[in-house]
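The sequence and structure come first.

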Amino acid sequence: MKYDVFVIGAGMAGAAVAKKCAKAGLKTAISDFRPYGGTCALRGCDPKKVLIDGVNLREQVRLHLGKGLTGDVKVNWQELMKFKETFTAPVPENMEKGFKKAGIDTYHAPAAFLDESTLQIGQETVSAEKIVIVTGARPRELDAPGAEHTITSDDFLNLEALPEHITFLGGGYISFEFAHLAARAGSRVTIIEHGTRPLKHFEQDMVDELVRVSEEAGIDIRLNCQVQRITQQSSGYEVSLEGEAGKGTLETGLVVSAIGRVPEVGLLDLDKGNVRHGRKGIEVNEYLQSTSNPRVYAAGDVADTEGLPLTPVAVYEGHFLATNVIKGNSKKVNYPEVPTVVFTIPSLASVGLTESQAKEQGLDYKVNTHDARQWFNGRRHRAHAYAYKVLVSKTDGSILGAHLVGPLAEETINIFALAMKAGMKARDLKSFLFSYPTMASDVSYMA
């Protein structure tokens, strides 16, 4: 079978590319060796947020006990998982129906290059004028004896029950989000991070606040700590560790490896397709076209681009990519300021430059920062953490970066991101009449 465009990867970015190409009249097909929907809809953002929202409601009740609320709300993990599945279960079938309605041929098998324009899709061989790779990323494998005893974030989101104690390996956003989820649902939790700082890509002043409330929630965070071995025991696992305090062991019921993600290229046989790739993924030019095989384009987490590894960025790149496939290379990707969030309880949110980045760039800026727990919104939410750090250019008053931790920070950060994209100044936010009392109304005091 010969196609104008063959898309490998049926996540959000793949769907956007395939539908745009099909709408333009190109004979298009798509394949994925996993259920259609991709990481975000099935194994990441969406199911994670459903689960976290559930336990966050329980946390809000707990914080308001004695302040007008009585009784106790408990988390029923099995019922919460069933509710989560009402979001994830329909996705693959609905996406396939959407593809077929758009006239897109669908395949359900791994794709591997045979040459620069030919693919082996399961038992079938297809060729295409353009091949689009949007396979995303997969969990990084742990390099330690006993690694086979760990589970991944994908597995965690399908756990039938939570053990009494869970150990998360890695100090990134996945570990912190799932640690808060598990701790609020009743498990004891330990985070093991080999480096000196967790969440190292976020503003560290705000990370310190999150670490404080994490520890207050009973989460044991161990930094400068290396996993030496994982051994299965009759009642769980023994994790052998080595850190600043020396060697030791940790007894746990479950070990979740969340040490990062790597581009999903293992099954593609990229060398046969003359597709150059490295540690950060497929090498592409400013048009998201392979630097070595002009028939191939790539976007999202599988591509080595400037974009953050976030679903909205992958879809954003996908639209640029599709335009270049349809009309020829004519559209270079320009990245706006993209907000990113750690969905802990409370959440940590960021957009733009951190202070260390602003210093590295030699920018002239001022810092607005404050602990806002005693502000009205902090008090009404019974916030254990509510703080901000906003960087404003002394040269023109523009907002260089905004960093928040606290209730609904994941929503408030969008105000800053929108203001930065629109070129608004700090004074514009200060003079804006926000609806009150809302969390967003605090922005005028932060800018």
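C40 counts as buried because its relative accessibility is 13%, where buried means under 20% relative accessible area, exposed over 50% and partly exposed in between (1.4 Å probe, protein chains only). C45 is partly exposed at 31%. This is a predicted model, in which local features need pLDDT of at least 70, side-chain atom pairs count only at pLDDT 80 or more, and totals for chains, interfaces and linings use all residues. Residues are numbered from 1 along each chain as its sequence is written, and side-chain values use heavy atoms, with hydrogens and water left out.

**Cysteines**
- Zero disulfides (pairs of cysteine sulfur atoms within 2.5 Å) are present in the structure.

**Aromatic contacts**
- There are 15 aromatic pairs in the structure; rings of Phe, Tyr and Trp (its six-membered ring) pair if their centres lie within 6.5 Å, and planes under 30 degrees apart count as stacked, over 60 as edge-to-face and the rest as tilted.
- W375 and Y445 make an edge-to-face pair, because their ring centres are 6.0 Å apart and their planes lie at 70°.
- This pair links distant parts of the chain, 70 residues apart, with W375 in the loop between β22 (365–371) and α11 (376–380) and Y445 in helix α14 (residues 443–446); helices (H or I, at least four residues) and strands (E, at least two) are DSSP runs, numbered from the N terminus.
- Y445 is exposed, with a relative accessible area of 57%.
- One aromatic cluster is formed by W77, F156, F168 and F178.
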